[in-house]
Amino acid sequence: MSTQPDEERLELLQGTLDLLILRTLIFGPQHGQGIARAIQDTSEKELLVEHGALYPALQRLEERGWISAKWGTSSNNRKARFYTLTAVGRKQLVEETTKWNRLTKAIGRILGSEAVES
Amino acid sequence: MFGRKRELGDFTSEIEAHIQLESERLQEQGMSERDARAAARRSFGNQMRAAERFYESGRRPGWDHFWQDVRYGARMLRRSPAFGAMAVLTMALGIGATTAIFSVVDATLLHPLPYPQAEQLVSIRDDLPGAGAHDVGMSEPEWQDLQRSGIFEYVSPTWFDENNLTGSSRPERVRILIVAPNYFALLGVKPQLGRAFNPEDHSPGLILEVLISDGLWKRAFGSDPHILDKSVRMDTDLYRIAGVMPAGFDAPGRTAEERNIEVWAATSFYGPPMSDHPPRNGRNLPTAIARLKPGLTMAAAQSRVDALVAALRREFPGDYPAQNAWTVRLLPLKERVVGNVRQSLILLLGAVGLVLLIGCVNVANLWLRGPAPEDAKWPFARPWEPDARG
């Protein structure tokens, strides 16, 4: 577990989990635990991903055809379900990222100029 | 969704794998195996909830639950037929009563009266609130005033009577309605045989023609096709039969008695045997119905009637003493017909609705007590014997 208590971490905004999953998968196929770990590590443990919420999200993305899944073997020789970004998912990621950047920029402008500058 | 549906088992084994991977990672960081596993589970959150969400994402849970309930219900009923019979009987009584009353409400309150443009039909009611008298009827001059007012297409007083009918297969007592000649034109109903009264007829005295009901035609005249040549005697006067009304035609009325009219006679309510010049204050025409001019609303018609009444009271102060405060009210004919039963019908419907509700509660109660599982006991354990079923 991380040293930071859960209460101090940021809860994910509605809808951002999908974006983070897609982004994580850009580096190649990954299983659920790996995705959760990667999100937590890359955000320098600022983001709290409830692992239980991750799987329904993965399921949803799979049903939309943005990611595909296949059982395989993990690096330490465990059976795990690996997720891969599909072509549609890749396109979606670009779109969502653009949208997100516009959104944060707009919100940043409202909250204060230094947020945009930095 | 489309394609092969993913099995729930596959989903749970994925979660298992996740917890395995996570706890191994934690062990690498130096946690004991037990702590690591517990921590992995904790950070996963609620496994059951995740599995549930997965399960529900691909299905319509309502439908699923419904079938589950149906199967469960059928199983319980099979297991305890006495309980089943009791439940079915209770529900059947409740539903039966509700349906029966509703069919009455539907027929009387929800359906319009069976005449063309029935919403234009009104009942006219004269009141003398100053004298504490209501529904006092109108006089012939007042009828003529209303007729000529331009508010109504037709106005017809109705006068219920009983009479001895002879000239048929055997003499009998019949219910007769004395109306203005425009009565059938007003209702918009034509006879199945012969013709109705001439609505423009304004000759004095009784018109020596009658129309008879389908029932009377069949019963007293054996459905005689040549009925129109015949005459009948009512009390002492001879009347020609001008027509036969269709089967299923009922006069608008509150009671079966008012509806099951067998003979219609017409008059313009003056001339022998009545007065040649009926007095304005002789309220001898008990009730009246009318058809509003097309396009005229009830409210507009009422305000024009009010104006007419005010003018008449000014013109004939002797006949309309101010202290009587004579008023004329228009009511939708439907109101008049269902009037005093509306409230009791609604009450009755509410009551049987409650009976159904109580039935449901009772069945639910029985259910909670539980049908005796092994021994098929009578489902009503007596409450004062708390351990009657162990």
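Modeller: Two strands pair if DSSP finds at least two bridges between them, and the strands themselves (E, at least two residues), like the helices (H or I, at least four), are DSSP runs numbered from the N terminus. This is a predicted model, in which local features need pLDDT of at least 70 and side-chain atom pairs count only at pLDDT 80 or more, while totals for chains, interfaces and linings use all residues. Residues are numbered from 1 along each chain as its sequence is written, and chains are lettered from A and ligands numbered from 1 in the order in which they are written.

Biologist: Which residue in E3(B) is the bridge partner of Asp161(B)?

Modeller: The partner of Asp161(B) is Ile176(B), and this bridge belongs to the pairing of E2(B) with strand E3 (residues 172–179) of chain B, which run antiparallel and are joined by eight bridges. E2(B) and E3(B) form a hairpin with five residues between them, and in the turn Gly167(B) has a positive phi of about 100 degrees.

Biologist: With which other strands does E2(B) pair?

Modeller: Strand E2 (residues 152–166) pairs with strand E9 (residues 287–292) in the antiparallel sense over six bridges, and there Pro157(B) stands opposite Ala288(B). Two bridges join E2(B) to strand E6 (residues 231–234), again antiparallel, with Arg233(B) as the bridge partner of Thr166(B).

Biologist: Why is Phe197(B) called buried?

Modeller: A residue is buried if 20 or more other C-beta atoms, placed from the backbone, lie within 10 Å of its own, exposed if 12 or fewer, and partly exposed in between. Phe197(B) is buried because 24 other C-beta atoms lie within 10 Å, and Phe197(B) is found in the loop between strand E4 (193–194) and strand E5 (206–212) of chain B. Contact means that the C-beta atoms of two residues lie within 7 Å; not counting residues up to four places away in sequence, Phe197(B) touches several residues, including Tyr183(B), Phe184(B) and Ile207(B).

Biologist: Which residues of helix H8 are buried, and where do they pack?

Modeller: In helix H8 (residues 214–221) of chain B the buried residues are Leu216(B), Trp217(B) and Ala220(B). Seen down the axis of H8(B), they fall within an arc of 105 degrees, so they line one face of the helix, the arc being that of the directions from the helix axis to the C-beta atoms. These buried residues pack against E3, E5, strand E7 (237–244) and strand E8 (263–267) of chain B.
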